[in-house]
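Reader: I want to check the labels put on this model. Please set each value against its cut-off.

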Amino acid sequence: MPVAVGLYRAVVALAAVSGIAMEVARAEALRPFVYFTLQSNSLLAVCFAFAAWSVWQGRDSLPGGLKGAVTVYILITGLVFNFVLADGPTQVSPAGAGELVGEPWWVVDSSDLLHTVVPVMAAADFVLFDRHRRLRWFHAVAWLLYPLAYAAFTTVRGAVFPAVGYPYSFVDVSVLGYDGLVRSVLAYGAAFLALGLMLVAADRLLGAPAPERLLARVRGERSAPT
């Protein structure tokens, strides 16, 4: 079973890398990496590739806090794109937003990979293959550091280089003003904190004796860890 778990995580990493490669090839530059989408998928690709290798080597996988952070960030990517950006205006088209016009339904675009396939597969990995009850409530607060740093980065970048604009409408100071930016950051920060708390709660529930025994069987373990 560890072989299958490692293979699954390698496939997730490959899906993320494929979506990133499609975006970079389309842009013919590294500009897409300004988007949270490509940054979160890049982080996930590295972590899942390492996690796959660790499983195959019979070693411990990623620390719980890091694995939880990767999961939260990729879920933010999927949720924000599908529920906010997909139906809302943005100053610059989100990474992976291009559509393959006239292609069969089974053809997967980079948007599908980066915003749907990878987040869903990462969430499934968290539920099925992670060892649970490793997360603590303070992790949900610590996980906010990266989104806050990203907001600061986009603000400084837009102020120093006005011509390049802002990657997302909800961090666009030219439209929102700094007061609006603060309100936007607080609102999204509260939502991301709630998402992190829900992930920690799910981790604790899945680590309860009955669910953990079932998940141990899914992972191919004889008994759940005590």
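Reader: What makes Asp125 and Lys67 a salt bridge?

Author: In this predicted model, their side chains meet at 2.7 Å, N to O. A salt bridge is a side-chain nitrogen of Lys or Arg within 4 Å of a carboxyl oxygen of Asp or Glu, so the pair qualifies. Asp125 sits in helix α4 and Lys67 in helix α3, 58 residues apart. Helices here are DSSP runs (H or I, at least four residues), numbered from the N terminus. Both Asp125 and Lys67 are buried. Arg9 and Asp130 join these two in a network of salt bridges.

Reader: What rules apply to a model like this?

Author: The model is predicted, so local features need pLDDT of at least 70 and side-chain atom pairs count only at pLDDT 80 or more, while totals for chains, interfaces and linings use all residues. Residues are numbered from 1 along each chain as its sequence is written, and side-chain values use heavy atoms, with hydrogens and water left out.

Reader: Why is Asp109 called buried?

Author: Its relative accessibility is 2%. Buried means under 20% relative accessible area, exposed over 50%, and partly exposed in between (1.4 Å probe, protein chains only). Asp109 therefore counts as buried. Its salt-bridge partner is Arg26, at 3.1 Å, N to O. Arg26 is in helix α1 and Asp109 in the loop between α3 and α4, so the bridge ties together parts 83 residues apart in sequence. At 43%, Arg26 counts as partly exposed.

Reader: How many salt bridges are there?

Author: The count is seven. Another of these joins Glu212 and Arg219, with the closest N and O atoms 2.3 Å apart. Glu212 has a relative accessible area of 5%, so it is buried. Arg219 is at 6%, so it is buried as well.

Reader: How do you know that the buried residues of α8 line one face?

Author: Helix α8 spans residues 209-218, and Glu212, Leu215 and Ala216 are buried in it. Seen down the axis, its buried residues fall within an arc of 110°, so they line one face. The arc is that of the directions from the helix axis to the C-beta atoms. Leu214 and Arg217 are exposed on the other side. The cover over the buried residues includes α4 (110-128) and α7 (173-206).

Reader: Why is the pair of Phe36 and Tyr150 called edge-to-face?

Author: The ring centres are 5.5 Å apart, with 80° between the planes. Rings of Phe, Tyr and Trp (its six-membered ring) pair if their centres lie within 6.5 Å; planes under 30 degrees apart count as stacked, over 60 as edge-to-face and the rest as tilted. So this pair is edge-to-face. It links helix α2 to helix α6 (residues 145-160), 114 residues apart. Both Phe36 and Tyr150 are buried.

Reader: And what is the pair of Tyr188 and Phe192 called?

Author: Tilted: 6.0 Å centre to centre, 55° between the planes. Both lie in helix α7, four residues apart, about one turn.

Reader: What makes Arg133 stand out?

Author: Arg133 has a positive phi of about 65° although it is not a glycine. Most residues other than glycine have a negative phi. Arg133 is in the loop between α4 and α5 (137-142). At 45% relative accessibility, Arg133 counts as partly exposed.

Terms used: Helix = DSSP H or I, 4+ residues; strand = E, 2+ residues; numbered from the N terminus. Contact = heavy atoms within 4.5 Å.
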